[in-house]
Amino acid sequence: MERIIDLDQAAAVVAERAVRWAAAGLEVGQVTWLDETAPWPQQLETDRTLVHDPHSVGVLISGSGDAGLSVVLFRGGWADVDHFDGRDDSGSIPAFDITSAEAFGTQLDQWVHRAFGNLGTSDS
């Protein structure tokens, strides 16, 4: 698979936002990694040092009322994104043509807003 996204930079984008999310009352799970070269069945890892050839990075964010957002970004430039706003909006969100960690951050802010609403900041 072509390496379009630097997943370490993408994980840094998540870490940058995690403090703000936690301050807004969201629970941010540990970042998970999948190693392309790991033997089958591949295990999700939370320790980056155990992953030699990152294939994806993911995070699960939870909020009140069972609201949740699951994001898995693949180095090829797409993400698997599922959300539930805790009321009536849920499902998968198309996420293709992500070309950089910065672009991922922009999309991530939009996904968080969709799942959890306005977190009280101008860039949520």
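## Gly-117 and the end of α2

Just after helix α2, Gly-117 takes a positive phi of about 80°. Helices here are DSSP runs of H or I with at least four residues, strands are E runs of at least two, and both are numbered from the N terminus. The model is predicted: local features need pLDDT of at least 70, side-chain atom pairs count only at pLDDT 80 or more, and totals for chains, interfaces and linings use all residues. Residues are numbered from 1 along each chain as its sequence is written, and side-chain values use heavy atoms, with hydrogens and water left out.

## Helix α2

α2 covers residues 101-116, 16 residues in total. From first C-alpha to last, α2 reaches 22 Å, close to the 22 Å expected at 1.5 Å a residue (1.5 Å times one less than the number of residues).

Several α2 residues are buried, including Ala-101, Phe-104, Leu-108 and Trp-111. Buried means under 20% relative accessible area, exposed over 50%, and partly exposed in between (1.4 Å probe, protein chains only). An α-helix has 3.6 residues a turn, so residues three or four places apart point the same way. Cover for the buried residues of α2 includes α1 (7-23), β3 (54-62), β4 (68-74), β5 (78-84) and β6 (90-93).

## Loop backbone

Trp-40 and Pro-41 are joined by a cis peptide bond, with omega about -5°. Pro-41 sits in the loop between β2 (32-35) and β3.

Asp-66 is not a glycine, yet has a positive phi of about 70°. Asp-66 lies in the loop between β3 and β4 and is exposed at 67% relative accessibility. Asp-97, also not a glycine, has a positive phi near 60°. Its loop runs between β6 and α2. Asp-97 counts as exposed, at 71% relative accessibility.

Terms used:
Contact means heavy atoms within 4.5 Å.
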